[in-house]
Amino acid sequence: MSEPVLQLKRMSHAYPGGLGCSGVELEIHPGEIVAIVGESGAGKSTLLDCASGRLRPTGGVVRLCRGGPPQDLYALAADERQAFLRGCLARIHQNPRDGIRYGISASGNVAEPLLATGERHYGAVREQALQWLAQVEIDRARADDLPDHFSGGMQQRVQIARALVTRPAVLLADEPTGGLDVSVQATLIELLRKLVRDHRIAMVVVTHDLAVARYLASRMLVMRAGQVVEAGLTDQVLQDPQHPYSQSLVASVLRG
(Lines give C-alpha, C1' and ligand atoms only; values in the text may rest on other atoms or scores of the structure.)
Protein backbone atom coordinates (compact mmCIF):
# COMPACT_ATOMS: atom_id res chain seq x y z
CA MET A 1 0.00 0.00 0.00
CA SER A 2 1.16 3.57 -0.67
CA GLU A 3 2.36 5.80 2.14
CA PRO A 4 -0.35 7.79 3.95
CA VAL A 5 -0.64 11.38 2.75
CA LEU A 6 -2.28 12.61 5.96
CA GLN A 7 -1.50 11.39 9.47
CA LEU A 8 -3.02 12.60 12.72
CA LYS A 9 -1.14 11.25 15.75
CA ARG A 10 -2.77 11.71 19.18
CA MET A 11 -4.02 15.06 17.91
CA SER A 12 -5.87 17.18 20.46
CA HIS A 13 -7.15 20.70 20.81
CA ALA A 14 -8.47 22.29 23.97
CA TYR A 15 -10.34 25.61 23.87
CA PRO A 16 -10.39 27.94 26.89
CA GLY A 17 -14.03 26.98 27.42
CA GLY A 18 -13.65 23.24 26.89
CA LEU A 19 -12.38 20.37 24.79
CA GLY A 20 -12.45 20.43 20.98
CA CYS A 21 -10.97 17.03 20.24
CA SER A 22 -8.68 14.62 22.05
CA GLY A 23 -6.24 11.89 21.02
CA VAL A 24 -7.43 11.59 17.41
CA GLU A 25 -5.58 8.99 15.31
CA LEU A 26 -6.06 8.87 11.54
CA GLU A 27 -4.10 7.75 8.48
CA ILE A 28 -5.46 8.21 4.97
CA HIS A 29 -4.01 7.06 1.66
CA PRO A 30 -4.32 8.34 -1.94
CA GLY A 31 -7.70 7.57 -3.51
CA GLU A 32 -9.36 6.88 -0.14
CA ILE A 33 -12.37 8.64 1.42
CA VAL A 34 -12.85 8.68 5.19
CA ALA A 35 -16.00 10.07 6.81
CA ILE A 36 -16.06 11.73 10.24
CA VAL A 37 -19.56 11.54 11.71
CA GLY A 38 -21.20 12.72 14.92
CA GLU A 39 -23.66 15.25 16.22
CA SER A 40 -23.03 18.99 16.43
CA GLY A 41 -20.32 19.71 18.99
CA ALA A 42 -18.66 16.33 18.61
CA GLY A 43 -15.36 17.89 17.53
CA LYS A 44 -15.57 17.23 13.78
CA SER A 45 -14.91 20.80 12.65
CA THR A 46 -12.10 21.24 15.19
CA LEU A 47 -10.47 18.15 13.68
CA LEU A 48 -10.70 19.67 10.18
CA ASP A 49 -9.37 23.05 11.34
CA CYS A 50 -6.34 21.39 12.95
CA ALA A 51 -5.71 19.15 9.93
CA SER A 52 -5.96 22.08 7.50
CA GLY A 53 -3.46 24.40 9.20
CA ARG A 54 -6.09 26.81 10.50
CA LEU A 55 -5.89 25.83 14.16
CA ARG A 56 -2.74 24.73 15.96
CA PRO A 57 -3.37 21.59 18.01
CA THR A 58 -2.58 21.78 21.70
CA GLY A 59 -1.28 18.23 21.52
CA GLY A 60 -0.16 15.61 19.02
CA VAL A 61 1.08 15.86 15.44
CA VAL A 62 -0.34 16.56 11.97
CA ARG A 63 1.79 15.19 9.13
CA LEU A 64 1.25 15.72 5.40
CA CYS A 65 3.12 14.09 2.55
CA ARG A 66 3.25 14.90 -1.14
CA GLY A 67 6.03 13.36 -3.18
CA GLY A 68 8.58 13.48 -0.38
CA PRO A 69 9.11 12.76 3.31
CA PRO A 70 6.16 13.55 5.63
CA GLN A 71 6.13 17.12 6.95
CA ASP A 72 5.14 17.94 10.52
CA LEU A 73 2.73 20.73 9.63
CA TYR A 74 3.08 22.76 12.80
CA ALA A 75 6.86 22.41 12.96
CA LEU A 76 6.99 24.68 9.90
CA ALA A 77 7.11 28.46 10.23
CA ALA A 78 3.81 30.16 9.38
CA ASP A 79 4.91 31.32 5.89
CA GLU A 80 6.46 27.92 5.09
CA ARG A 81 3.30 26.18 6.28
CA GLN A 82 1.08 28.30 4.03
CA ALA A 83 3.31 27.72 1.00
CA PHE A 84 3.36 23.96 1.66
CA LEU A 85 -0.41 23.77 2.11
CA ARG A 86 -1.11 25.61 -1.16
CA GLY A 87 0.30 22.72 -3.12
CA CYS A 88 -0.76 19.90 -0.83
CA LEU A 89 -4.18 20.43 0.72
CA ALA A 90 -7.53 22.00 -0.17
CA ARG A 91 -10.84 22.42 1.64
CA ILE A 92 -14.46 22.74 0.55
CA HIS A 93 -17.18 24.19 2.76
CA GLN A 94 -20.85 23.50 3.29
CA ASN A 95 -21.74 27.01 2.18
CA PRO A 96 -20.13 27.91 -1.15
CA ARG A 97 -19.95 31.54 0.03
CA ASP A 98 -17.13 30.46 2.34
CA GLY A 99 -15.14 28.91 -0.48
CA ILE A 100 -15.64 31.04 -3.61
CA ARG A 101 -15.66 34.75 -4.46
CA TYR A 102 -18.92 36.11 -5.79
CA GLY A 103 -17.48 39.18 -7.47
CA ILE A 104 -15.59 37.25 -10.14
CA SER A 105 -16.64 34.69 -12.74
CA ALA A 106 -16.70 30.93 -12.31
CA SER A 107 -13.54 30.58 -14.42
CA GLY A 108 -11.90 33.41 -12.47
CA ASN A 109 -12.61 31.57 -9.23
CA VAL A 110 -10.93 28.43 -10.53
CA ALA A 111 -7.99 30.38 -11.98
CA GLU A 112 -7.17 32.23 -8.74
CA PRO A 113 -5.45 29.32 -6.91
CA LEU A 114 -3.22 28.74 -9.95
CA LEU A 115 -2.15 32.38 -9.90
CA ALA A 116 -1.46 32.08 -6.17
CA THR A 117 0.94 29.19 -6.85
CA GLY A 118 2.91 31.23 -9.40
CA GLU A 119 1.25 30.46 -12.75
CA ARG A 120 1.52 33.54 -14.98
CA HIS A 121 0.61 32.46 -18.52
CA TYR A 122 -2.96 33.72 -18.93
CA GLY A 123 -3.85 31.34 -21.75
CA ALA A 124 -2.63 28.28 -19.85
CA VAL A 125 -4.39 29.36 -16.65
CA ARG A 126 -7.62 30.03 -18.53
CA GLU A 127 -7.50 26.65 -20.26
CA GLN A 128 -6.89 24.78 -17.00
CA ALA A 129 -9.82 26.61 -15.40
CA LEU A 130 -12.10 25.65 -18.29
CA GLN A 131 -10.94 22.03 -18.13
CA TRP A 132 -11.73 21.83 -14.41
CA LEU A 133 -15.14 23.42 -14.89
CA ALA A 134 -15.79 20.74 -17.49
CA GLN A 135 -14.72 18.05 -15.01
CA VAL A 136 -17.35 19.26 -12.55
CA GLU A 137 -19.86 19.36 -15.42
CA ILE A 138 -20.22 23.12 -15.86
CA ASP A 139 -20.63 24.05 -19.51
CA ARG A 140 -17.92 26.22 -21.08
CA ALA A 141 -20.66 28.66 -22.11
CA ARG A 142 -21.26 29.41 -18.41
CA ALA A 143 -17.58 29.87 -17.53
CA ASP A 144 -17.78 33.66 -17.42
CA ASP A 145 -21.02 33.83 -15.44
CA LEU A 146 -20.88 35.13 -11.88
CA PRO A 147 -21.53 32.51 -9.17
CA ASP A 148 -24.73 34.18 -7.97
CA HIS A 149 -26.24 33.31 -11.37
CA PHE A 150 -25.83 29.62 -10.52
CA SER A 151 -27.93 27.26 -8.40
CA GLY A 152 -26.59 26.10 -5.03
CA GLY A 153 -25.46 22.80 -6.51
CA MET A 154 -23.59 24.53 -9.34
CA GLN A 155 -21.95 26.93 -6.90
CA GLN A 156 -20.71 23.91 -4.99
CA ARG A 157 -19.28 22.51 -8.24
CA VAL A 158 -17.37 25.78 -8.77
CA GLN A 159 -15.99 25.46 -5.24
CA ILE A 160 -14.90 21.87 -5.93
CA ALA A 161 -13.14 22.88 -9.16
CA ARG A 162 -11.44 25.79 -7.35
CA ALA A 163 -10.23 23.42 -4.62
CA LEU A 164 -8.89 20.75 -6.98
CA VAL A 165 -7.33 22.83 -9.75
CA THR A 166 -3.93 22.78 -8.00
CA ARG A 167 -4.17 18.97 -7.71
CA PRO A 168 -3.87 18.70 -3.93
CA ALA A 169 -2.96 15.42 -2.29
CA VAL A 170 -5.62 15.89 0.39
CA LEU A 171 -9.15 17.31 0.21
CA LEU A 172 -11.03 18.20 3.40
CA ALA A 173 -14.80 18.60 2.99
CA ASP A 174 -17.12 20.03 5.64
CA GLU A 175 -20.73 18.94 4.98
CA PRO A 176 -20.22 19.34 1.20
CA THR A 177 -23.81 18.30 0.36
CA GLY A 178 -25.55 20.01 3.28
CA GLY A 179 -28.62 22.08 2.44
CA LEU A 180 -28.99 20.63 -1.07
CA ASP A 181 -31.92 18.66 -2.48
CA VAL A 182 -31.54 14.89 -2.29
CA SER A 183 -31.18 14.53 -6.07
CA VAL A 184 -28.47 17.21 -6.15
CA GLN A 185 -26.73 15.54 -3.21
CA ALA A 186 -26.63 12.22 -5.07
CA THR A 187 -25.12 13.85 -8.16
CA LEU A 188 -22.44 15.64 -6.12
CA ILE A 189 -21.57 12.48 -4.19
CA GLU A 190 -21.03 10.58 -7.43
CA LEU A 191 -18.96 13.48 -8.82
CA LEU A 192 -16.73 13.60 -5.73
CA ARG A 193 -16.21 9.84 -5.81
CA LYS A 194 -15.17 10.01 -9.47
CA LEU A 195 -12.75 12.92 -8.93
CA VAL A 196 -11.14 11.23 -5.92
CA ARG A 197 -10.74 8.00 -7.86
CA ASP A 198 -9.46 9.59 -11.07
CA HIS A 199 -6.98 11.95 -9.41
CA ARG A 200 -5.94 9.73 -6.48
CA ILE A 201 -6.92 12.31 -3.89
CA ALA A 202 -7.23 11.44 -0.21
CA MET A 203 -10.49 12.91 1.09
CA VAL A 204 -11.77 13.47 4.62
CA VAL A 205 -15.45 14.37 4.74
CA VAL A 206 -17.24 15.65 7.84
CA THR A 207 -20.97 14.98 7.87
CA HIS A 208 -23.85 14.39 10.25
CA ASP A 209 -25.69 12.53 7.47
CA LEU A 210 -25.02 8.80 7.70
CA ALA A 211 -26.46 8.22 4.23
CA VAL A 212 -23.87 10.60 2.75
CA ALA A 213 -21.13 8.79 4.69
CA ARG A 214 -22.36 5.41 3.50
CA TYR A 215 -22.40 6.27 -0.18
CA LEU A 216 -19.23 8.38 -0.18
CA ALA A 217 -16.72 6.86 2.24
CA SER A 218 -15.01 3.49 2.58
CA ARG A 219 -14.05 4.10 6.22
CA MET A 220 -15.74 5.95 9.06
CA LEU A 221 -14.81 7.53 12.37
CA VAL A 222 -17.57 8.21 14.89
CA MET A 223 -16.91 11.16 17.23
CA ARG A 224 -18.57 12.08 20.48
CA ALA A 225 -17.53 14.85 22.91
CA GLY A 226 -14.22 15.35 21.13
CA GLN A 227 -13.16 11.72 21.00
CA VAL A 228 -13.27 8.98 18.36
CA VAL A 229 -15.48 6.31 19.95
CA GLU A 230 -15.56 3.92 16.99
CA ALA A 231 -13.68 3.46 13.71
CA GLY A 232 -13.86 0.92 10.93
CA LEU A 233 -15.17 0.12 7.47
CA THR A 234 -18.26 2.21 6.79
CA ASP A 235 -20.59 -0.72 6.07
CA GLN A 236 -19.31 -2.56 9.12
CA VAL A 237 -19.89 0.38 11.47
CA LEU A 238 -23.37 1.06 10.08
CA GLN A 239 -24.51 -2.56 10.01
CA ASP A 240 -23.02 -3.66 13.32
CA PRO A 241 -22.10 -0.63 15.47
CA GLN A 242 -20.25 -1.59 18.64
CA HIS A 243 -20.25 1.59 20.71
CA PRO A 244 -23.54 2.64 22.36
CA TYR A 245 -23.28 6.11 20.81
CA SER A 246 -22.79 4.64 17.31
CA GLN A 247 -25.76 2.39 17.96
CA SER A 248 -27.90 5.38 18.91
CA LEU A 249 -26.87 7.28 15.74
CA VAL A 250 -27.80 4.34 13.51
CA ALA A 251 -31.02 3.75 15.42
CA SER A 252 -32.05 7.39 15.02
CA VAL A 253 -31.76 7.05 11.23
CA LEU A 254 -33.82 3.85 11.25
CA ARG A 255 -36.49 5.53 13.38
CA GLY A 256 -36.53 8.47 10.98
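His 93, setting aside its neighbours within four places in sequence, is in contact (heavy atoms within 4.5 Å) with Arg 54, Asp 98, Gly 99, Gln 156, Gln 159 and Asp 174. This is a predicted model, where local features need pLDDT of at least 70 and side-chain atom pairs count only at pLDDT 80 or more, while totals for chains, interfaces and linings use all residues. Residues are numbered from 1 along each chain as its sequence is written, and side-chain values use heavy atoms, with hydrogens and water left out.

Back to the histidine. His 93 sits in the loop between β6 and α3; helices (H or I, at least four residues) and strands (E, at least two) are DSSP runs, numbered from the N terminus. With a relative accessible area of 11%, His 93 is buried. Buried means under 20% relative accessible area, exposed over 50%, and partly exposed in between, with a 1.4 Å probe and protein chains only.

Next, helix α5. This helix covers residues 152–164, 13 residues in total, and its first and last C-alpha are 19 Å apart, close to the 18 Å expected at 1.5 Å a residue. The expected span is 1.5 Å times one less than the number of residues. Why is α5 described as largely enclosed by the rest of the structure? Because eleven of its 13 residues are buried. Among them are Gln 156 and Gln 159, both also contacts of His 93. The cover over the buried residues of α5 includes β6 (89–92), α3 (106–116), α4 (122–135), β7 (170–174) and α6.

Now the cores. A nonpolar core is a set of buried Ala, Val, Leu, Ile, Met, Phe, Trp, Tyr and Cys residues joined through side-chain atoms within 4.5 Å. The largest one has 50 residues, and Ile 160, Leu 171, Met 203 and Leu 216 have the most contacts inside it. Helix α6 (residues 182–199) supplies the largest share of this core, six residues. A second, separate core has 31 residues, including Leu 85, Leu 89, Val 170 and Leu 172.

Cysteines, briefly. The whole structure has zero disulfides, a disulfide being a pair of cysteine sulfur atoms within 2.5 Å. For Cys 21, the nearest cysteine sulfur is that of Cys 50, 4.9 Å away. Cys 21 counts as buried, at 0% relative accessibility. Cys 88 has its closest cysteine sulfur in Cys 65, at 7.6 Å, too far for a bond. Cys 88 also counts as buried, at 1%.
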